[in-house]
Amino acid sequence: MHLYNSASHKKEEFVPNHPDIVKMYTCGPTVYHFAHIGNLRSYIMEDVLEKYLRYAGYNVKRVMNITDVGHLTSDADSGEDKMLKGARREHKTVMEIAQFYTDAFFEDCRRLNIKRPDVVEPATACIGEYIKIISRLLETGYAYRAGGNVYFDTSRLEKYYIFNDHDADDLAVGVREGVEEDTNKRNKNDFVLWFTQSKFEDQALKWDSPWGVGYPGWHIECSGISMKHLGEDLDIHCGGIDNAFPHHTNEIAQSEAYLGHKWCNYWMHVLHLNTTSGKMSKSKGEFLTVSLLEEKGYDPLAYRLFCLQSHYRKSLVFSWENLDNAAGAYGKLIGRVAALKDSGAAVDEESARAAREKFKAALDNDLNTSLAVTALYDVLKCQTNDETKLHLLGEFDQVLGLSLLEKAAEKRRAEESSAKSAAGGFLIQGEGDPEIDALVLQRAEAKKARNFAEADRIRDELNQQGIEITDLPGGAKWKRS
């Protein structure tokens with residue numbers, strides 16, 4: 001397997017540090033608001049990477065942080081804490097905001113078939129780890145105290161910029177958007193490891209430390225959480241491209257200064273999802289969430305397919321027209337899978353072997369999901385029996401996460417239910433949910449038998465599920481409210 005390493009700017013053969021485990025770290029969300037679908041593109045691609053590593057035979061331990069303190073609204077350690085901003089916006093405590101949006105994030109992940117990482121750790125749970133790291137950095141001269149805060153001294157490094165080359169003046173104060181002068185810093189690239197009461201005295205969350213009551217900076221959390229759960233070396237670190245600088249750059253600086261050796265071997269960055277008007281963000285334009293897609297009638301897995309059809313190192317442009325195309329393709333794909341029949345024949349191992357080679361070759365080449373999806377379609381066109389096709393589709397979907405067999409089974413049940421109801425002279429118009437169709441049909445049969453109490457009970461049960469029923473001549477129509 002070869003992966004593009006953002007640190008070396010080239011594809012490299014993936015060789016884990018240890019033969020028995022792959023240590024994988026992914027930057028989690030700052031839980032002050034819902035994740036937009038641009039954020040979730042990164043998590044979809046990281047999910048595919050983890051699942052493919054497991055498919056390829058690796059034992060993987062994946063860790064993710066939840067940022068619930070310390071992430072300020074500016075890269076320059078200025079502005080307010082995003083969590084405090086969210087709490088103020090909704091008139092809740094910071095911890096209430098954190099819990100609500102953490103739950104919302106993982107619900108979005110569930111809808112998109114994104115596996116929950118093996119370890120999920122909130123930043124507020126590891127204060128002791130940060131204090132330990134910062135204390136050593138102060139002892140070894142990689143950090144200094146100024147104005148009540150503790151800063152990392154970037155001038156001590158032989159090389160600070162890892163993911164792209166800059167001249168020393170590239171981040172001059174006032175030149176880079178969002179950078180404001182902090183007179184406490186010795187060097188303009190230095191960053192805060194620990195804030196004290198001298199900064200943001202209205203900060204909701206504070207802890208005792210050797211440097212005064214305060215709270216950690218954003219970057220230290222990923223180093224501390226990773227080392228707590230994965231030890232002193234890391235195989236793969238993932239995140240969106242906007243994390244490369246300054247967040248991941250600063251993680252490397254503080255981690256390697258603390259450890260005294262290389263920390264992470266491979267860095268994977270997923271490029272932006274853009275709208276036709278530019279980069280997607282929470283602060284401009286329509287706030288595109290998974291819930292919004294569902295409200296507009298899209299299956300979230302159609303969006304997952306939309307992401308898989310492009311390479312993770314290419315910017316992807318979102319438009320409703322593009323999503324319509326992906327949704328249409330997803331629906332047709334499910335229809336083709338649903339048409340396959342399992343009669344119990346043996347799997348054609350020769351055909352299966354050839355199909356697997358195509359699939360693995362695609363993903364071994366820097367996780368080329370577009371070619372992997374092509375390999376999926378090739379299975380459907382392959383001159384082999386349906387049992388082999390169903391076996392391969394289920395196998396490949398362990399990685400791609402499109403719920404092909406499950407959705408196909410639902411479609412078959414819905415078609416069978418519609419056929420039965422039509423044969424009985426009762427036509428159901430709905431959204432293809434066989435369980436709902438069955439209840440609607442039971443209600444109709446109860447009404448026909450003049451068992452109106454039972455009919456009303458079923459109607460109330462459906463209403464509690466958010467289902468609205470409209471009786472029609474010769475049938476019924478239902479929809480989710």
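Which residues does Ser226 touch, not counting residues up to four places away in sequence? In this predicted model, where local features need pLDDT of at least 70, side-chain atom pairs count only at pLDDT 80 or more, and totals for chains, interfaces and linings use all residues, Ser226 touches Tyr25, Gly231, Leu234 and Trp263, a contact being defined as heavy atoms within 4.5 Å. Residues are numbered from 1 along each chain as its sequence is written, and side-chain values use heavy atoms, with hydrogens and water left out.

The protein chain contains 15 helices and 17 strands, these being DSSP runs numbered from the N terminus, with helices (H or I) of at least four residues and strands (E) of at least two. Along the principal axes, the C-alpha trace spans about 80 × 55 × 40 Å. Of the 481 residues, 52% count as buried, where buried means under 20% relative accessible area, exposed means over 50%, and partly exposed lies in between (1.4 Å probe, protein chains only). Among the contacts with a separation of 6 or more, 74% are accounted for by residues 24 or more positions apart. The accessible surface of the chain comes to about 21,500 Å², and 47% of this surface belongs to carbon and sulfur atoms; such areas come from the Shrake-Rupley method with a 1.4 Å probe.

Ser226 has its place in helix H5, which covers residues 220–230 and is mostly covered, with 9 of its 11 residues buried. These buried residues are Ile220, Glu221, Cys222, Ser223, Gly224, Ile225, Ser226, Met227 and Leu230. Ser226 counts as buried because its relative accessible area is 0%. Between Ser226 and Val119, which are 107 residues apart in sequence, the distance from C-alpha to C-alpha is 10.0 Å. Just after H5, Gly231 takes a positive phi of about 85°, and Gly231 is also one of the residues that Ser226 touches.

Further backbone features were found elsewhere in the chain. A cis peptide bond, with omega at about 5°, joins Phe245 and Pro246, and Pro246 is found in helix H6 (residues 244–259). His91, a residue other than glycine, has a positive phi near 55° and lies in the loop between helix H2 (82–90) and H3; His91 counts as exposed because its relative accessibility is 75%. Asp366, which is not a glycine either, has a positive phi of about 55° and lies in the loop between helix H10 (349–364) and helix H11 (369–381), but Asp366 is buried, with a relative accessible area of 0%.

On a 1 Å grid over the protein atoms alone, a cavity is a set of points where a 1.4 Å probe fits but cannot get out, whereas a pocket is an open set with protein on both sides within 12 Å along at least five of seven lines, and lining residues have an atom within 4 Å of a point. The second largest pocket has a volume of about 1,200 Å³. Of the 28 residues that line this pocket, Asp299, Lys407, Glu410, Glu431 and Arg480 are the closest to its centre. Elements giving two or more residues to the lining include helix H3 (94–111), helix H9 (320–338) and helix H13 (404–423). The structure also holds 2 cavities of 30 Å³ or more, and the second largest cavity, with about 30 Å³ of space, has a lining that includes Asp68, Asp81, Met83 and Gln203.

How values were computed
Points joined across faces, edges and corners; volume = space filled by probe spheres on them.
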